[in-house]
Amino acid sequence: MRTVTLSYPIPPETAALWARPQVAALGQFDGLHRGHASVIASAVALARQEGIPASVMTFHPHPKDVMGKGDYDGYLTPPKDKQEILAGMGVDILYIIEFNEQLSKVSPEDFVSVMLLPLQIVTAVVGFDFRFGYLGEGDPERLQELGQGAMSVVTAPPFLIEGEKVSSSGIRKSLQNGEITLANTWFGRCYHLRGTVVHGEKRGRTIGFPTANVQLEDRYVIPAKGVYAVRVFYKDEVLHGVMNVGVKPTFHEGVTAPSFEVHLFDFSGDIYGQELELELVSFIRPERKFDSIGALIEQIGEDAETAKSLLEDQA
């Protein structure tokens, strides 16, 4: 998959470089959940039928982040993760459009004539609730009109699970409520975080549960504070562990920024400075303050056994 970063307006020489008949899925696609996947899979299938490239056009940063509106509080799927997932879905070209204040004021007409038609997009595949252009004035029907016969539009229906529409906002709410099983069901995969192991307080090793303190590499949506069973990807290894997301109230007061500490089972290597990918498999319990270090140690031991059992069940 080729990744192409574009800005508005596309310079003629850049448009000429990438112009070719292609099918493009259009959308923000933050989360790349099962609803998004259905849109993209439709685009890939159509492209294969026509024998032309399948592309995805998305935006970065998130429009809500730039405009300071809505409940935006981080990425469900940051750009690096998004690229890896899309490559595995058979996408040939990923266009990342730089979203800024100038682009936010572009009319639907100019967006189509300047950003879509010059790339020779012959079919645009969008979700039923797709909006584009200034103040979201454009919708799938308007997109079809502005295609001027050179670009057709396929609109994917809402993706429902048990009668409820899968949405990024619903996933955010589930994560923040500790409903990781529901979030993972809507994702179609486990929610994951990615980061680098950094030096922490090194308290875990003194109580028999050494932990890797992970510094996230991007602005992820932070799940509910608590303890999770996690699957950890380190180089070519798949490890199991238990992770605490929170502020460690037994040891600290007044801390608001959460930390991410993972105790890996049956692992003793030096991984400082290494990248880990953390899949959140199950939510075990909320974070809480303990009356004593002994009570904390006992609970961590119980959490570890619970995590091992949960992970074995899903192996």
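Tutor: Strands here are DSSP runs of E of at least two residues, and helices are runs of H or I of at least four, numbered from the N terminus. The model is predicted.

Student: Where does glutamate 162 lie, and what makes it buried or exposed?

Tutor: Glutamate 162 is in the loop between β7 (160-161) and β8 (164-165). Its relative accessible area is 85%, so glutamate 162 is exposed, the threshold being over 50%. Phi of glutamate 162 is also positive, near 55°.

Student: Why is proline 118 placed in its accessibility class?

Tutor: Buried requires under 20% and exposed over 50%, with partly exposed in between. Proline 118 stands at 28%, so it counts as partly exposed. This proline is in the loop between α6 (108-116) and β5 (121-127). Leaving aside neighbours within four places in sequence, proline 118 touches Ala15, Ala19, Val112 and Ser113.

Student: What makes leucine 264 buried or exposed?

Tutor: The limit for buried is under 20%; leucine 264 has 8% relative accessibility and therefore counts as buried. Leucine 264 is part of strand β13 (residues 259-264). Beyond neighbours within four places in sequence, its contacts are Val232, Leu239, His240, Gly241 and Ile271. Across the protein chain, buried residues make up 48% of the 315 residues.

Student: Which residues of helix α4 are buried, and how do you know on which side of α4 they lie?

Tutor: In α4 (residues 79-88), the buried residues are Asp81, Lys82, Ile85 and Leu86. They cover an arc of only 125° around the axis, and are therefore on the same side of α4. Their cover includes α2 (34-50), β3 (54-60), β4 (93-98) and β9 (191-198). Just after α4, glycine 90 has a positive phi of about 90°.

Student: How is the packing of two helices described in general?

Tutor: Two packed helices are described by the angle and the distance between their axes.

Student: At what angle do the axes of α8 and α9 cross, and why is the pair called roughly parallel or antiparallel?

Tutor: The axes of α8 (residues 168-176) and α9 (residues 180-187) come within 8 Å and cross at roughly 155°. Angles over 145 degrees count as roughly antiparallel, so α8 is roughly antiparallel to α9. The crossing of α8 past α9 is left-handed. Gly170, Ile171, Ser174 and Leu175 of α8 make the contact with Ile180, Leu182, Ala183, Trp186 and Phe187 of α9. These residues divide into seven nonpolar, two polar and no charged.

Student: Which peptide bond involving proline 9 is cis, and which one involving proline 61?

Tutor: The bond from tyrosine 8 to proline 9 is cis, with omega near -10°; proline 9 is in the loop between β1 (2-6) and α1 (12-18). The bond joining histidine 60 and proline 61 is cis as well, with omega about 0°, and proline 61 is in the loop between β3 and α3 (63-67).

Note on methods:
Residues numbered from 1 in each chain as written. Predicted model: local features only at pLDDT ≥ 70, side-chain atom pairs only at ≥ 80, totals over all residues. Heavy atoms only, no water. Axes fitted to C-alpha atoms, helices over the stretch in contact; angles between N-to-C directions. Parallel < 35°, antiparallel > 145°, perpendicular 65-115°, else oblique. Left-handed = near helix turned anticlockwise from the far one by under 90°. Contact = heavy atoms within 4.5 Å. Nonpolar A, V, L, I, M, F, W, Y, C, P; charged D, E, K, R; others polar. Buried < 20%, exposed > 50% of the residue type's maximum accessible area, 1.4 Å probe, protein only. Arc of directions from axis to C-beta.
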